[in-house]
Amino acid sequence: MLRLLGSGRSHPKSSGLSVLVKQMWGTLRSHPLRLERWCSQGPCVQRKRNDALHAFWKGPASVPGGARQSPINIRWKDSVYDPRLKPLRVSYDSAACLYVWNTGYLFQVEFDDSAEGSGISGGPLENHYRLKQFHFHWGAVNEWGSEHTVDDHVYPAELHLVHWNAVKYQNYTEAVMGEDGLAVVGVFLKLGAHHEALQKLVAVLPDIKHKDARAALGPFQPSCLLPACQDYWTYPGSLTTPPLSESVTWIIHKKPTEVAQDQH
Ligand SMILES: [Zn+2]
């Protein structure tokens, strides 16, 4: 596995917007979602691209103070093979899936995190981290898609699976602010084969057109969304909204997951 040395702000360039992204966004376009505002999730906001769009980032408080701010542009030349990094152990309980809801910014799938049963360990992590939720970022316009970039390449979309350290912290809220509090697995999406699990998700989106609307999803196995190849990059990163806490261990899969063009 590869460990990233150093980090810099991503400078995404325009890329062709996938049909999938258009179709998924088309489903949500009538919703009160505004991608020009940031994602409500701490670890994953397109701050760089939205500096000029939201007052929250204007003024002195908007200047990041830390040295491990996310997201980043992953550079192959800055990554080094670390033999101490073992494969990530993933064990998700499909029955822990609670529901999918419209956050007002994107749709998010929530999981029961009251027990240790569903989560990740190994890899760069010293503890077990429980799965809290996952969500997708995709572009509303051509310039936007994945949050992380790879050698300046922007993928059409990026999945984030958000986990918290239940060994060190009592709950997710505490973990967000704490050292080694969060671990977020990032997966790029690209066009390719039909993806059945994603189809199940997209099918319920018409039921959650309005902010805070939620719908049952039934048992759902998130590991279906991971690529077969387990290779990853890892780096210590941050929340991307104030307080910009540097509590996130990012684990970014090198291979994207393929989804079909005709899924809608
Ligand atoms: Zn995110």
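User: Where is Asp 180 placed?

Analyst: Asp 180 sits in the loop between α3 and β11. This is a predicted model. Phi of Asp 180 is near 55°, a positive value in a residue other than glycine.

User: Why is Asp 180 called partly exposed?

Analyst: The cut-off for buried is 20 or more other C-beta atoms within 10 Å, and exposed means 12 or fewer. Asp 180 has 19 within 10 Å, so it counts as partly exposed.

User: What makes Asp 152 partly exposed?

Analyst: Exposed would need 12 or fewer neighbours. Asp 152 has 13 C-beta neighbours inside 10 Å, so it counts as partly exposed. Asp 152 lies in the loop between β9 (149–150) and β10. Its phi is near 70°, a positive value in a residue other than glycine.

User: Which residues does Tyr 232 touch beyond four places in sequence?

Analyst: Tyr 232 touches Met 1, Leu 88, Gly 123, Ile 251, Ile 252, His 253 and Lys 254.

User: Why is β13 described as largely enclosed?

Analyst: Count the buried residues. In β13 they are 5 of the 6, so the strand is largely enclosed by the rest of the structure.

User: What makes β13 and β14 a pair, and in which sense do they run?

Analyst: Pairing requires at least two bridges. β13 and β14 have 6 bridges, in the antiparallel sense. Gly 237 stands opposite Val 248 in β14.

User: How do you know that β1 pairs with β13?

Analyst: The requirement is at least two bridges. Strand β1 (residues 2–4) is joined to β13 by 2 bridges, and the two run parallel. Leu 2 has Trp 233 in β13 as its bridge partner.

User: What makes β5 a partner of both β6 and β12?

Analyst: Each pairing is set against the two-bridge requirement. β5 and β6 share 5 bridges in the antiparallel sense. Val 100 stands opposite Ala 215 in β12, while Asn 102 stands opposite Phe 107 in β6. The hairpin of β5 and β6 has 4 residues between the strands, and Gly 104 there takes a positive phi near 100°.

User: What makes up the largest nonpolar core?

Analyst: This core has 50 residues. Those with the most contacts inside it are Leu 159, Leu 161, Leu 182, Ala 183, Val 184, Leu 189 and Ile 251. Elements that each supply at least two residues include β8 (129–138), β10 (157–165), α3 (172–177) and β14 (248–253). The largest share, 7 residues, comes from β11.

User: Which residues does Leu 159 touch beyond four places in sequence?

Analyst: Leu 159 touches Phe 134, Phe 136, Gly 186, Val 187, Leu 189 and Leu 225.

User: Why is Arg 75 called partly exposed?

Analyst: Arg 75 has 17 other C-beta atoms within 10 Å, so it is partly exposed. Arg 75 is found in the loop between β2 and β3 (79–81). Arg 75 and Thr 149 are 74 residues apart in sequence and 8.5 Å apart in space, C-alpha to C-alpha.

User: What is the omega of the peptide bond from Ser 70 to Pro 71?

Analyst: Omega is near -5°, and the bond is cis. Pro 71 lies in the loop between α2 (47–50) and β2 (73–74).

User: Where is confidence lowest, and where is it highest?

Analyst: On the 0 to 100 scale, helix α1 (residues 19–28) is lowest at a mean of 38, and strand β7 (residues 119–122) is highest at 97. pLDDT stays under 50 over residues 6–43, for which the model has 101 contacts beyond four places in sequence. Residues 45–63 are also below 50, with 23 contacts beyond near neighbours in sequence. The protein's mean pLDDT is 77, and 72% of its residues reach 70 or more.

Key. Residues are numbered from 1 along each chain as its sequence is written. This is a predicted model: local features need pLDDT of at least 70, side-chain atom pairs count only at pLDDT 80 or more; totals for chains, interfaces and linings use all residues. A nonpolar core is a set of buried Ala, Val, Leu, Ile, Met, Phe, Trp, Tyr and Cys residues joined through C-beta atoms within 7 Å. Two residues are in contact if their C-beta atoms, placed from the backbone, lie within 7 Å. pLDDT is the predictor's confidence in each residue, from 0 to 100.
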